[in-house]
Amino acid sequence: MQIHHIEGYIQTILLVEYPDKLLLLDGGCRCDVPVIKAFITDTLQRDINDLKLVLISHMHPDHAGGAHLLRKQFGCSIASVGFEKQWYQGFKGRVAHSIDIMLALYVARRKGKKIQNIYYSPYLKTDIILHDETPVPGFDEWIVHFTPGHTDRDLSFLHQPTQQMYIGDMILKLRNKFTSPFPIYQPDAYKQSLNKLLQLNITQILMAHDGYTEISPEEIQRLIDKSTNHPLTVVNVIKNKLMKRNRYKN
């Protein structure tokens, strides 16, 4: 097993290579699909049909944005958590979907990237439903873990033989320091997810925006201690700023 790190539009694309098959840890942005194809066919000299499965940790543009297009073009399957309601369900969900796309484009501009088409369906159509603490179908070395907080349905994936865990956006690294993501919709669940890392003795993590790194229990505990007790969302941030402005005026 070898894990390849591919530079995506605004994130690190993690491709897991086996002699007979390939696994994607998240589907990247829509515009990353040609990048993924080129890496498989040109760099690895592999048949694109070797890509068997795309795991989706959560529904943000740089994680689920390329999934449907990958399946349409290459015939791979999509696997994620099974919730009755879609993350971007209803009118508020569609507004959140638009905001998340704009935030992704903002990050791209900050990174010096050109604006590209990253629109994708707000509704994920999965082929395989994943369950907590069960093996990934067809890739039994990888164990699914339910780790909500960043959204209500985040998944992480533990590679048992090496004890490396792909955590999506659960933890970010900015200026060589670990930090919590934005937004955090469920602060209590987020702390529980961080505690799960401690319980599993995870010290090697694969992040969606930096790839592989090591993390100590003390650093994880520091994130728990500093974590917000209230939902940290775009709407809440705007509300707080407006309240502070009104108090200042008065």
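Predicted model: local features only at pLDDT ≥ 70, side-chain atom pairs only at ≥ 80, totals over all residues.
Accessible areas here come from the Shrake-Rupley method with a 1.4 Å probe.

Figure 1. The chain exposes about 12,900 Å². Of the 250 residues in the chain, 49% are buried.

**Figure 2. Fold and dimensions of the chain.** Seven helices and 14 strands form the secondary structure. The C-alpha trace spans about 65 × 40 × 35 Å along its principal axes. A compact globule of 250 residues would have a radius of gyration near 18 Å, and the chain, with 18 Å, agrees with this. Among contacts with a separation of 6 or more, 67% join residues 24 or more positions apart.

**Figure 3. Charges of the chain.** The chain carries 30 positive and 25 negative charges. Between the mean position of the positive charges and that of the negative charges lie 13 Å.

**Figure 4. Buried residues of helix H3.** Helix H3 runs over residues 67-74, and its buried residues are Ala 67, Leu 70 and Phe 74. These residues cover an arc of only 65° around the axis, so they are on the same side of H3.

**Figure 5. Packing partners of H3 and the residue after the helix.** Gly 75 follows H3 and has a positive phi, near 80°.

Terms used: Residues numbered from 1 in each chain as written. Heavy atoms only, no water. Helix = DSSP H or I, 4+ residues; strand = E, 2+ residues; numbered from the N terminus. Rg over C-alpha atoms; globule rule 2.2 N^0.38 Å. Buried < 20%, exposed > 50% of the residue type's maximum accessible area, 1.4 Å probe, protein only. Contact = heavy atoms within 4.5 Å. Lys, Arg positive; Asp, Glu negative; His and termini not counted. Charge placed at Lys NZ, Arg CZ, Asp CG, Glu CD. Arc of directions from axis to C-beta.
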